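Dear colleague,

My findings come after it.

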Amino acid sequence: MQNSEEEKFRARRLEITDKGKGFIELLQQLSVCDSVSDKEFEDRFGEIESLGDDHVICVIEDEISGKIIATGSVFIEKKFLRNCGKVGHVEDVVVDSSARGKQLGKKVINFLTDHARCVGCYKVILDCSVENKVFYEKCGFKQKEVQMAMYFV
Ligand SMILES: CC(C)(COP(=O)(O)OP(=O)(O)OC[C@H]1O[C@@H](n2cnc3c(N)ncnc32)[C@H](O)[C@@H]1OP(=O)(O)O)[C@@H](O)C(=O)NCCC(=O)NCCS
């Protein structure tokens with residue numbers, strides 16, 4: 001990517017004004033996400049912000065359109081294992097359908113894994129569909145073990 005592209009597509013932390021820039025609509029491309037009121041957004045944003053570096057949501061804003069076109073999050077789990085080690089859990093990675101294939105997904109993952117490394121995690125893990133396995137391999141992940149899930153709703 002050239003320098004101008006780098007500036008145009010800078011990864012940064014979620015800001016409270018990003019709701020008005022299509023952040024929720026972007027998440028709707030990933031999974032069920034009903035409309036979120038401004039109050040609900042502000043409340044949840046405050047909860048996440050209060051966790052500081054333990055819960056980081058990364059976004060990329062298209063500086064031209066002013067829209068959020070990529071996102072992903074990392075949650076830092078504190079353990080007793082591994083000498084009170086920490087593990088980063090990557091979730092909710094999505095790139096706007098019109099912006100895929102431009103290395104933005106990789107940029108989001110790099111931002112999240114850099115963060116996890118900086119705060120002292122010994123590993124970062126995530127679950128993904130078979131279709132996205134190669135994407136995550138290209139981001140440096142390796143397949144390990146089996147995903148299990150129990151949904152309550
Ligand atoms: C998966 C997703 C996040 C990838 O984002 P993206 O910005 O299009 O990916 P990038 O351009 O950063 O791709 C990085 C590399 O992975 C490859 N890649 C991306 N998606 C791929 C896929 N589904 N299968 C195989 N390779 C893929 C790219 O070709 C690129 O390879 P290169 O570095 O050799 O050129 C995006 O397609 C998406 O949002 N999908 C829908 C939501 C989703 O499934 N999210 C993941 C939840 S686990």
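This is a predicted model: local features need pLDDT of at least 70, side-chain atom pairs count only at pLDDT 80 or more; totals for chains, interfaces and linings use all residues.

An unreviewed UniProt entry places the feature "domain: N-acetyltransferase" at residues 9–153. In the model, this span is 30% helix and 25% strand, and its end C-alpha atoms lie 36 Å apart.

**Nonpolar core.** The largest nonpolar core has 24 residues, and those touching the most other members are C58, V59, I69, A70, V108 and L112. At least two residues of this core come from each of helix 2 (23–27), strand 2 (55–62), strand 3 (67–78), strand 4 and helix 5. Helix 5 gives the most, namely six residues. For A70, leaving aside residues up to four places away in sequence, the contacts are V59, I60, V95, D96, A99, L104, G105 and V108.

**Helix 5.** This helix runs over residues 104–118. Helix 5 comprises 15 residues and reaches 21 Å from its first C-alpha to its last, close to the 21 Å expected at 1.5 Å a residue. Its buried residues are L104, G105, K107, V108, I109, F111, L112, T113 and A116. An α-helix has 3.6 residues a turn, so residues three or four places apart point the same way. The packing partners of the buried residues in helix 5 are strand 1 (11–13), strand 2, strand 3, strand 4, strand 5 (123–125) and helix 6. Just after helix 5, G120 takes a positive phi of about 100°.

Which residues come nearest to the ligand? Of the 17 residues around the ligand, they are R100, G105, K106, V134 and F135. The shell is made up of eight nonpolar, five charged and four polar residues. Strand 4 (86–95), helix 5 and helix 6 (133–138) each supply at least two residues of the shell.

**V134.** Is V134 buried or exposed? V134 counts as exposed because it has 9 C-beta neighbours inside 10 Å, and the cut-off for an exposed residue is 12 or fewer. The C-alpha atom of V134 is separated by 16 Å from that of E145, eleven residues apart along the chain.

With kind regards

Note on methods:
Residues are numbered from 1 along each chain as its sequence is written. A residue is near a molecule or strand if its C-beta atom, placed from the backbone, lies within 6 Å of it. Helices (H or I, at least four residues) and strands (E, at least two) are DSSP runs, numbered from the N terminus. Ala, Val, Leu, Ile, Met, Phe, Trp, Tyr, Cys and Pro count as nonpolar, Asp, Glu, Lys and Arg as charged, and the others, Gly among them, as polar. UniProt positions are given in the numbering used here, feature names are shortened, and annotations may be inferred rather than shown by experiment. A residue is buried if 20 or more other C-beta atoms lie within 10 Å of its own, exposed if 12 or fewer, and partly exposed in between; C-beta atoms are placed from the backbone. A nonpolar core is a set of buried Ala, Val, Leu, Ile, Met, Phe, Trp, Tyr and Cys residues joined through C-beta atoms within 7 Å. Two residues are in contact if their C-beta atoms, placed from the backbone, lie within 7 Å. The expected span of a helix is 1.5 Å times one less than its number of residues.
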